[in-house]
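Here is a friendly walk through one protein model, written for reading beside the viewer. Please have the sequence and the 3D view open as you go.

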Amino acid sequence: MKGYICIHGHFYQPPRENPWLERIEVQDSAFPYHDWNARVHAECYAPNAVSRILNERSRITGIVNNYEHISFNFGPTLLSWIQQHTPAIYQKIIEADRISAEKHGGHGNAIAQPYNHMIMPLANRRDKITQTVWGISSFRKHFHRAPEGMWLPETAVDLETLEILCEHGIRFTILAPRQARRVRALTTTVWRDVSDGSVDTTMPYLVRLPCGGLITVFFYHGPIAHDLAFGGLLQNAENFENRLFQALPAAGKNPPLVNVATDGETYGHHHRFGDMALAYALKQVRKKPDVGLTNYGEYLSLFKPTHEVEIIGNSSWSCIHGVERWRADCGCRAGGNPGWNQKWRQTLRESLDWLRHELIRIYSRHAAPLLDNPWQARDEYIDVIMARSETAKTDFLSRHGRKPLHDQERSRALQLLEMQRNAMLMYTSCGWFFDEMSGIEATQVLRYAARAIELAERCSAASLEDAFIEQLEKAQSNISGMGNGADIYRRFVLASKSHLREVAIHFSLSSFFENYQQKNTLGCFNIELKEYEKQRQEHTLVAAGRLHARSTITEEEASFIFAALQQEPHDYYCTVKECSSINAAAATQENSPANHLYAKLTGSLFTSLKEKGPSAVLKVIDQHLGSARYTIKDLFKDEQDELLNIVLEGELECIGEILETAYRKTSFLTVLLEECGHRIPTPFITAAEVTLKRKLVNTLKSQKATHETIRLLLDEINRWRISLDNDWLERTLRTLIEKEMAAVKDNPTTSHLTQMNGKLSMLYLFPVQVNLWEAQNAYFDLLHSSYADKKKLADKQDQEAAKWLEEFLRLGDGLFINVDNVIDSMTPAARKEPLLLPAREEKRDADAPAAVTSRKK
């Protein structure tokens, strides 16, 4: 064997969840996606699971799961997000590790990562242990095996971190070349200085630890990694392939290993279609009989280290100053704003370190009466985090409780553990990585800090928030108007807090739009609707109800009575009152205070609505529930957007009908004005634009649509010089194609295939490129599940099967799939096995290969 090649991808996104709701809220900077997880997933994580291989005509000849062929790690919080939101892709990732283990002597491609990407050298020993334990436990639950290696966040390393990895069974990690200080062969005592980055990266090295243990370190090939990430190497897959082969030196005692490590987002997010360049390069490597495609675990099992290395402590791959990027204004930055500084990093680090110390004191004191070993309990709390079930909490507390805990003690124990979880999350590295403290990354770690403070204050007599905010005042924003760190905290953090009252407010207002059941969920809250009434009097709508809300995380709970009022078409507001003395059981009792108050409220409320009108209703609400009122502006952002879209949809439909009537009424006059060379009034053009777009959508949806009807509509649109927004048009056409293709997949009859081909051919009438990703995925499913059986029948002169094959192959051609090549590359087993492919959240870029290049005929 001439040598081996290993490509590692570090796939990671920081935890982004609102710590009160435990879900990611809409992030406008990720538009057109809901949030950055969704955006990077669509651009990188999903494509790498089903990466297209194209021929010279940009037609698809195969689909490859890149994760089967590269070493990789996923941040635990990211992988859990993928599991929840895109289970198909999650299964591809897990399956890739299983398949790779079968190929590589039991050594899977996946390795672990500390839980939430904390910079380990800057953490105390206890946090380092918890981060390692949580990372390993998360890995075991996902991949159903123990990890051999662990990727360190930002490859930031010190000897204590390596000792902890070794103590927990980790065999190796991966570092940057400049993190090696000196090396020696195991057969000599002579050391050679390599602190200039000159370490030989084609072999593994042993690190001797102060505890007496050993751990192996691989150093990745720096120049190739740099050119992949920053030098444009992925723009040409053949150049990538050649660089890998050129880096292979002559074999010494052991065959050399060319290993490259970058952010996994390099392959698709940072570089468009990087997943396909990677797929092509990997395919070429697999063709070389004298070069093995391997992973670190397999290579280490075949070839033991022959050299030892001393590392440079407190070093990393993304800061030439060591780990200063995460605590000082060292000069390392994302760039783009030359006048900015990052002095705020020190204040943020020092403020969080102060808070961590206070939280340790509170946890040690208040968890001791509840938990046998509070710090061991924290390490094992990952079992609850991963499961998020009542059973998991009960099992955990039965194992770790100092005694059987009653409900209030149980909730306090969970609150203390959640305080510690948020104390972990507030050290996520991205909080310091970028240039500005008011960015979403730094404000996110501040939100975790705020949640930890809140839980600490509930469980103790401590008052922490004011002191914490005072410390943040020393940090100055680079952006005019943002002020200092305290201002940023008040502006972005305090406004995001969401408690049981906010849940009740949301439920009250949204009840005008949603048909809630008795039991409902919102984020991490369970909501039980006890009673609900709604009445209308002319243009006024009034609702009232009782609910009980409970956190599934900390088991905090409260009961509320609410009343909501709609006066104008879009004027909604509500009032809620907490019945703090009433628990879930008491709230069901007939003579409970809540029932009594609710009966008085509704008796007066609906009588006043019928007899006296809205002003009297408001007086009743004020009398029984108080004068604090909340509007749609107080809803959670996602639900606020959803409700506003519901309102907008109805209003836009009404306006559309009005304008369509106006268009019909003025169409003759519009033509006359045009023929006379007279300027057509703008309102006439507006009516024409709205009407013709509505007609176009309805025509496309119709099963009777023909090329001729589409052409006539487009001619009319062009006649009035109406511009069709490309994003709107692409989205409309893509939705149509995906719906038709879903119908084909559910019932792949010949008639459905014929109908689908007709719809697909209409795309060429439009001057826009349409993303066919999901339709192609559905086609590959059918190719694997149905093609072989139909082919056998057609070979036996079955005319219906022959017609099916004709339409099916025609559809593949229309979807830019070279079906013959794909079939030839399929194994007999694969031809019968369904191929699990993802639904993309949104469109790829317009210049993507295999997109339809449409043209008007």
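## Terms and ground rules

A residue counts as buried under 20% relative accessible area, exposed over 50%, and partly exposed in between (1.4 Å probe, protein chains only). By that scale Leu-644, at a relative accessible area of 36%, is partly exposed.

This is a predicted model, in which local features need pLDDT of at least 70 and side-chain atom pairs count only at pLDDT 80 or more, while totals for chains, interfaces and linings use all residues. Residues are numbered from 1 along each chain as its sequence is written, and side-chain values use heavy atoms, leaving out hydrogens and water.

## Around Leu-644

Leu-644 belongs to helix α22, residues 637–675. (Helices are DSSP runs of H or I with at least four residues, strands are runs of E with at least two, and both are numbered from the N terminus.) Between the C-alpha atoms of Leu-644 and Glu-528 there are 25 Å, and the two residues sit 116 apart along the chain.

Helix α21 covers residues 614–625.

Which residues of α21 are buried? They are Ala-616, Val-617, Leu-618, Val-620, Ile-621, His-624 and Leu-625. After α21 comes Gly-626, with a positive phi near 100 degrees.

## An open sheet

Six strands make an open, antiparallel sheet in the order β13-β14-β15-β16-β17-β18. β13 (519–522) and β18 (630–631) are at the edges with a single partner strand each, so one side of each lacks a neighbour in the sheet. Two strands pair if DSSP finds at least two bridges between them; β17 and β18 are joined by 2 bridges, and Tyr-573 has Thr-631 of β18 as its bridge partner.

## Strand β10

Strand β10 has 6 of its 7 residues buried. It runs parallel to β1 (residues 3–11), with 7 bridges joining them; Tyr-4 is the bridge partner of Leu-257 in β10.

Note on methods. The expected span of a helix is 1.5 Å times one less than its number of residues.
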